[in-house]
Amino acid sequence: MALEITQFLLAAQSADAKIRTEAEANLSLFREQNLPGFLLSLAVELSTDVKPTESRRLAGIVLKNSLDAKETVRKQQLVQQWLVIESSYKSQIKSLLLSCLGSSVREASHTAAQVIAKIASIEVPQKQWPELVGSLLINMTQHGRPASLKQATLETLGYVCEEISHHDLVQDEVNSVLTAVVQGMNVEEESPEVRLAAARALYNALDFAQTNFDNEMERNYIMKVICEAATAKERQIRQAALECLVSIASTYYELLEPYMQTLFELTAKAVKEDEEAVALQAIEFWSSICDEEIELQDYEVPDSGDSSVQHSHFIEKALEVLVPMLLETLLKQDEEQDQDDEIWNLAMAGGTCLGLVARTVGDSVVPLVMPFVEANIMKSDWRSREAAIYAFGSILEGPSIEKLSPMVHAGLKHLLDAMKDNNEHIRDTTAWTLSRIFELLHAPASGFSVVSPDNLQQVVEVLLESLKDVPHVAEKVCGAIYFLSQGYEDAGPSSFLLTPFVTQIIGSLISTADRTDSSGSKLRTTAYETLNEVVRCSNLIETSQIIKHLCPVIMTKLAQTVELQILSTDDREKQGDLQASLCGVLQVIIQKLSNSDETKSIIVQVADQIMMLFLKVFACRSSTVHEEAMLAIGALAYATGSDFLKYMPEFYKYLEMGLQNFEEYQVCSISVGVVGDICRALDDKILPYCDGIMTHLLKDLSSGELNKSVKPPIFSCLGDIALAIGEHFEKYLQYALPMMQTASEVCAQLDNSDDEMLEYGNQLRRSIFEAYSGILQGFKNSKANLMLPYAPHLLQFIELVAKDRPRDESVTKAAVAVLGDLADALGSNAKTIFKDPAFCTQLLGECLQSDDEQLKETATWTQGMIGRAFSVCG
């Protein structure tokens with residue numbers, strides 16, 4: 001039964017901390033002792049109009065938070081708690097919430113709509129609330145129902161569609177929902193609030209409408225209603241209708257042809273005449289069309305032009321009117337747009353869309369944009385000059401180098417001069433454009449670059465001078481230096497060209513990172529990231545001494561951060577960010593100098609001091625820093641090899657902390673990677689630490705709390721450990737192998753239609769194969785027979801993966817490698833395992849036909865191993 005909790009809810013919002021704490025404790029006690037009664041009491045509170053607004057508001061929040069959470073494990077717990085509540089309680093709660101949709105208090109009906117959707121997300125997939133849609137539709141179809149009830153009902157339908165999958169409703173229910181929603185949007189609906197709620201609901205319901213959109217009559221009606229709503233008197237309705245069109249552009253692209261003339265007129269009018277919020281959605285419509293056409297071009301089979309959806313070339317057809325419309329938007333800049341990352345305005349949306357148009361149609365965009373650039377670049381007002389440079393920068397990706405080369409060569413000097421313009425908006429956009437030029441048109445390794453030995457000095461001088469500009473400009477200049485340096489990586493003879501400037505560039509970037517006027521901007525972080533790229537891409541033969549001198553500078557800076565006085569959370573955050581950046585620089589320095597035996601000694605000489613610094617940083621307990629410090633320690637382990645053993649007694653406790661950090665799972669994942677680095681460095685010297693490490697890794701694998709993305713690296717890590725300790729892995733076999741077998745069975749059950757799950761499945765398959773490979777190689781010389789009982793399951797898994805279509809190439813490589821490892825390790829015993837080798841003959845045959853040389857090589861080796869073990873499979 002429900003209890004009177006109004007006073008508790010009001011007291012929980014008291015300004016008096018004592019009263020507030022006592023009330024919160026009472027509410028928690030009620031929840032723990034009687035969850036069904038607690039939830040029912042909240043529903044009563046929310047749905048009773050005579051109750052105070054404040055208590056109703058909190059009741060709604062607590063009720064919603066009792067059904068849903070952002071954190072996956074917590075959410076699953078809440079779902080289970082709801083499912084086991086007695087059905088009589090659940091029925092009462094749902095009935096109260098449905099009645100609350102008719103509340104005269106808008107906030108209460110809005111909250112009820114959200115809570116109903118949360119319950120629907122739990123029950124509808126389980127077929128436990130079959131009457132929900134019918135109950136809601138009665139509110140829409142019965143004569144005389146007030147507009148406020150219709151509004152709340154449409155809002156509920158929208159939220160429900162957002163929460164559930166289109167597979168959860170039968171087609172009749174979808175038809176009824178769409179009918180109610182589209183009728184609510186109709187021009188005949190007198191209440192603007194109802195029309196707005198209907199438009200927003202339709203946005204969430206569009207995924208459900210595939211069958212309806214396939215029917216021409218239904219589709220025509222839906223599109224007619226949306227287009228009418230896009231010209232409604234009320235701005236919010238126009239905006240919501242255009243948001244629906246944006247979604248339709250990506251979901252139903254192939255059905256849009258008959259409506260495109262109308263949609264162009266409608267969006268063009270919105271861009272030119274409407275309020276910014278509406279105009280932004282009109283531009284977004286064309287950006288979505290570009291996204292679809294770019295994807296179609298990427299996935300088309302070159303010879304046949306075949307793809308599952310017909311390419312309608314909407315952008316190409318609209319190009320001559322679309323581009324001028326977008327160019328006009330570039331003149332509508334916001335005075336504050338460069339300083340505030342949150343700002344998104346018409347000029348920025350227009351430039352982004354223009355960039356997508358360039359990627360969609362390539363060379364055709366250039367003659368339409370360049371006259372605008374030439375007409376505005378020399379004008380006296382800053383808006384025209386900035387728009388010209390922005391237009392120029394926006395079309396650098398898509399058109400061919402042949403088309404772009406003459407204009408970029410001609411324009412580079414003007415852009416370098418523009419970095420000295422009096423207007424900071426122009427300098428900001430110019431710096432962004434230069435970084436785009438260096439990213440896209442500076443590739444000495446491929447034989448083309450706008451930067452030559454003749455102009456490189458001027459380029460570097462302008463960029464380094466511009467690092468002193470206001471923070472938001474300097475930040476974009478860092479981007480230009482980043483891509484300028486990147487272009488010289490592995491560029492043969494050209495890679496030496498930047499060397500004379502490296503010392504100066506490094507010095508300027510460190511000075512930029514030290515600036516005191518950059519608080520609130522990302523300048524310091526960006527400067528250090530750019531420094532990393534300069535070091536990483538430099539020519540090691542010529543710059544090793546420069547990098548050697550940089551190392552103690554960064555170490556001193558890191559040492560100083562440990563001594564910083566921390567008086568506030570803000571101080572702690574700034575310290576953490578700075579430490580993370582400096583650890584990142586040290587990681588790059590260690591990796592760079594470790595690339596050659598001649599320079600590796602530089603790191604070995606200072607390894608003790610570096611490690612001591614990292615240990616001090618761990619004591620500061622910031623997850624961001626832990627990630628970067630762990631990565632740097634992984635690099636140090638590679639550099640120092642077996643000498644890393646002396647750091648293990650002190651470092652091990654931090655490694656353990658990382659392996660147990662479920663909450664900040666990236667730290668856990670990186671720690672797992674570092675275990676692999678240390679295994680490769682120490683080989684069997686890691687043995688004394690293996691019991692502890694394996695305990696944590698196996699616990700991580702069996703945990704339901706740990707983010708699933710950490711599990712593939714753990715399986716790979718098991719292979720690293722087995723390879724390092726060889727026969728000593730025997731004691732862990734009985735625990736590790738069943739987990740590997742279970743995980744391989746999970747692979748077969750994953751939903752491959754979901755891109756994210758497909759990628760995860762590939763990572764999982766690859767890592768399981770890597771684990772098996774490590775164990776087989778580790779046992780090869782002494783205890784290979786221990787793997788005989790597990791070999792059939794492994795072969796079964798390989799066979800299953802071999803049938804995958806399409807199959808990820810890295811998974812194929814890992815499968816073929818482990819097949820070879822199995823035959824190599826088991827030798828003549830392999831005969832007892834390979835009962836029917838037909839699938840492996842087929843798999844190897846396929847790999848030997850591959851264009852991938854590495855895969856061919858692995859397949860040839862595997863074929864040899866199998867052939868050596870027995871003659872059945874040649």
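The briefing below covers an annotated span, several helices and their packing, and a few individual residues.

This is a predicted model, in which local features need pLDDT of at least 70 and side-chain atom pairs count only at pLDDT 80 or more, while totals for chains, interfaces and linings use all residues. Residues are numbered from 1 along each chain as its sequence is written, and side-chain values use heavy atoms, with hydrogens and water left out.

**Annotated span**

- An unreviewed UniProt entry carries the annotation "domain: Importin N-terminal" for residues 23–103; such positions are given in the numbering used here, feature names are shortened, and annotations may be inferred rather than shown by experiment.
- Residues 23–103 are 78% helix and 0% strand, and the end C-alpha atoms of this span lie 27 Å apart; helices (H or I, at least four residues) and strands (E, at least two) are DSSP runs, numbered from the N terminus.

**Helix pairs**

- Two packed helices are described by the angle between their axes and the distance between the axes; here axes are lines fitted to C-alpha atoms, for helices over the stretch in contact, and angles run from 0 to 180 degrees between N-to-C directions.
- α23 packs with helix α25 (residues 499–513) at an angle of about 15°, the axes being 11 Å apart, which makes α23 roughly parallel to α25; angles under 35 degrees count as roughly parallel, over 145 as roughly antiparallel, 65 to 115 as roughly perpendicular and the rest as oblique.
- In the contact between these two helices, L456, Q457, V460 and L464 of α23 meet F501, Q504, I505 and S508 of α25.
- α33 and helix α34 (residues 711–725) pack at about 155° with their axes 11 Å apart, and are therefore roughly antiparallel to each other.
- The residues of α33 that meet α34 include L687, C690, I693 and M694, and their partners in α34 include K711, I714, F715 and C717.
- The crossing of α23 and α25 is left-handed, and the crossing of α33 and α34 is left-handed; a crossing is left-handed if the near helix is turned anticlockwise from the far one by less than a right angle, and right-handed if clockwise.

**Individual residues**

- Most residues other than glycine have a negative phi.
- K127, however, has a positive phi near 55°; K127 lies in the loop between α7 (106–123) and α8 (132–141) and counts as exposed at 58% relative accessibility.
- D683 likewise has a positive phi of about 50° without being a glycine; D683 lies in the loop between α32 (665–682) and α33 (687–702) and is partly exposed, with a relative accessible area of 43%.
- P500 lies in helix α25 and counts as exposed at 61% relative accessibility.
- N212, in helix α12 (residues 210–214), counts as buried at 3% relative accessibility and touches Q171, V174, N175, L178, E218, R219 and I222, not counting residues up to four places away in sequence.

Definitions and conventions. Contact means heavy atoms within 4.5 Å. Buried means under 20% relative accessible area, exposed over 50%, partly exposed in between (1.4 Å probe, protein chains only).
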